[in-house]
Amino acid sequence: MTTSKIVITCSPRVAPHLEKEVRQLGYQTVKTDHQSVELSGTFDDTLKLNLHLRTANRVLFHIKSFRADHPDQLYKRLRNIPWENYFDADGYISIKSFVSNRFIQDVRFASLRAKDAIADRFVDRFGKRPDSGKDLSKTVLFLHWTDEHASIYIDTSGETIAKHGYRKIPMKAPMMESLASATILTSQWDYKSHFLNPMCGSGTLAIEAAMTATHRAPGLMRDNFGFMHVKLYNPAVWEQLKTEAKSNIRNDIDFKIIASDLNPEAVTAAQRNAREAGVEHLIEFHTGDFRDIPVPEPNKGVIFINPEYGQRLGEEEKLADIYQEIGDFFKNKAQGYTGYIFTGNMNLAKKIGLRTKRRIEFFNGKIDCRLLEYELYAGSKKSVNLSK
């Protein structure tokens, strides 16, 4: 099978963590940019990447790059590509575009010209053309056009793979599944020690921890991908990949994953989401104050907390006491663990009163965030003044 460029996109600041994940799957990366990781591989490789990647948004398979300094030239170049080798005239295509040049004022026009080029080629050769629209459940193409450099890809994901398919009840301001996975991947958790998630909300962090620790490939939750709607797709390869992925799943763990929330509705939602993900039996759920979450011995593992950020006027003052109480909880009940706070409010983070060991930059949507790491010493060091 022909080897081509594969570009895997992700959210801002996630690329280093995505690169780590890609390498763990056995691939050599060619380039890592702000929001993408590039490698070389076959179309079959895109199936494996879509199945296993936890921190990615989309997996793009490169078809052709060319020079285009005008929409008419874009049309001509795209019309010359043998699209009949990739999908049928009675199919359905959707075209998404990223455009940054002086030739196009509206990205929708670039997508329209691309669609016209493909449609006209089919009409010339077969007397009919594929349907087209915004539906991402069939064949999806991606046009990247910067200055005079244009590239066209097959979006083998279709719908984004940043969502892992289990979150039926999202609750208030949830973390995207891919972001939760990225924070866990960059943490010091060894997937063998305890994982505590107070203020769990809809349970995303605890569920991603359970899925990762038991080798549950997130792509197993989905039954439709973009790659399934192009002629390069080999169903036998996909079935084999799924069989291998299922055979690697662990059904039990010898450590605890515990999630709690003060809101009973959040705990109910988290339990349902965990059930959808197939990991409800691996997670202990508790309803109550974050300070009352069980902290099992031996004191080894991580505690992940994603408190509210106080984005609206007046909220920050109300949350100041919560952040201070999180710091007290870390100092008084969590010695020996590694603590993590994911927050978009660094003013509130100062209220925690502990010195950070690391500050890892992320975005949650458009909010500038940090994953703050705290080494919570056991023994005599716990009395040391670590306030900053």
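## A pair within helix α7

Glu239 and Lys242 sit three residues apart, about one turn of the helix, and both belong to helix α7 (residues 235-247). Helices here are DSSP runs of H or I with at least four residues, numbered from the N terminus. The two side chains form a salt bridge, 3.5 Å from N to O; the term means a side-chain nitrogen of Lys or Arg within 4 Å of a carboxyl oxygen of Asp or Glu.

Glu239 is partly exposed at 42% relative accessible area, whereas Lys242, at 19%, counts as buried. Buried means under 20% relative accessible area, exposed over 50%, and partly exposed in between (1.4 Å probe, protein chains only).

## About the model

This is a predicted model, in which local features need pLDDT of at least 70 and side-chain atom pairs count only at pLDDT 80 or more, while totals for chains, interfaces and linings use all residues. Residues are numbered from 1 along each chain as its sequence is written, and side-chain values use heavy atoms, leaving out hydrogens and water.

## A pair within helix α9

Helix α9 (residues 315-333) holds Asp328 and Lys331, three residues apart, about one turn of the helix. Their salt bridge has its closest N and O atoms 3.7 Å apart. Asp328 is partly exposed at 29%, and Lys331 is partly exposed at 34%.

## Other salt bridges

Asp69 pairs with Arg67 in a salt bridge, with 3.3 Å between the closest N and O atoms. Asp69 is partly exposed at 28%, and Arg67 is partly exposed at 41%.

Salt bridges also link Arg13, Glu361, Asp368 and Arg370 into a network. The structure has 23 salt bridges.

Definitions and conventions
Helix = DSSP H or I, 4+ residues; strand = E, 2+ residues; numbered from the N terminus.
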